[in-house]
Amino acid sequence: MLYILGGAPRSGKSIVARRFVSEKQIPFFCIDFLITSLQEVPFLDIKHGQPFIGKAGRLWPLVKPLLVHLIEEEPNYLIEGDGILPNQVAELLEGFSNDIRACFVGFSETNPQDKFKQVRELGGNKDDWTKSVSDEKLMSNIEDMVKFSKYLKSECNKYNISYFDSSNNFREYFENVFLYLTK
């Protein structure tokens, strides 16, 4: 089974992925790793910090064959990141509906100011990019993430793909995403 966990940055994807990998003992690949590598190939124009939808569109010709290979060759694998969109997952589901369990996560109901406070209070782990940006830049990023979350929610509804929102009760949200992936 290929497990796909897509969604907005700062929505808890990595936390869910770490628990899932730990409990299920399956391999994991974060699309952020690919984006980091591809930044070294300038003509592809794929970088962290770009608008989410355009970046995911440019990534898709590289990510789709990777996902198809994993479906065909690996018994279980988890892919996580903001570089995959619901319409792309829907495209994969057309040919591999029994081999994919996918969902998207975000915070479409969050007030950007509240999310900003949360990120500043709870963020700052060793590799957390948010600790090195100004308040103004972080607020702008969070506003983009809320818009992206709303887009994901709408697209998931359109393609009948599960969407989970972390806006209100993170603990309940976290459990629901985990249970969805493991059922």
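A salt bridge here is a side-chain nitrogen of Lys or Arg within 4 Å of a carboxyl oxygen of Asp or Glu. The model is predicted, so local features need pLDDT of at least 70 and side-chain atom pairs count only at pLDDT 80 or more, while totals for chains, interfaces and linings use all residues. Residues are numbered from 1 along each chain as its sequence is written, and side-chain values use heavy atoms, with hydrogens and water left out.

**View 1. Asp135 and Arg120 pair up across two helices.**
The closest N and O atoms of this salt bridge sit 3.0 Å apart. Asp135 belongs to helix α6 (residues 135–159) and Arg120 to helix α5 (residues 112–122), so the contact ties together parts that are 15 residues apart in sequence. Helices are DSSP runs (H or I, at least four residues), numbered from the N terminus. Asp135 counts as partly exposed at 41% relative accessibility, and Arg120 does too, at 30%. For the cut-offs, buried means under 20% relative accessible area, exposed means over 50%, and partly exposed is in between (1.4 Å probe, protein chains only).

Arg19 lies in helix α1 and Glu175 in helix α7 (residues 170–182), so the pair ties together parts that are 156 residues apart in sequence. Glu175 is partly exposed, at 32% relative accessible area. Searching the whole structure turns up eight salt bridges.

**View 2. Negative charges gather on the surface.**
Glu72, Glu73, Glu74 and Asp99 make up this patch. Patch members have over 30% relative accessible area and no salt bridge, and like charges are joined within 9 Å. Asp and Glu count as negative, with the charge placed at CG of Asp or CD of Glu. Accessible areas come from the Shrake-Rupley method with a 1.4 Å probe. Glu72 lies in helix α3 (residues 52–73) and counts as exposed because its relative accessibility is 51%.

Terms used:
Patch = residues over 30% accessible without salt bridge, like charges linked within 9 Å, V, L, I, M, F, W, Y side chains within 5 Å.
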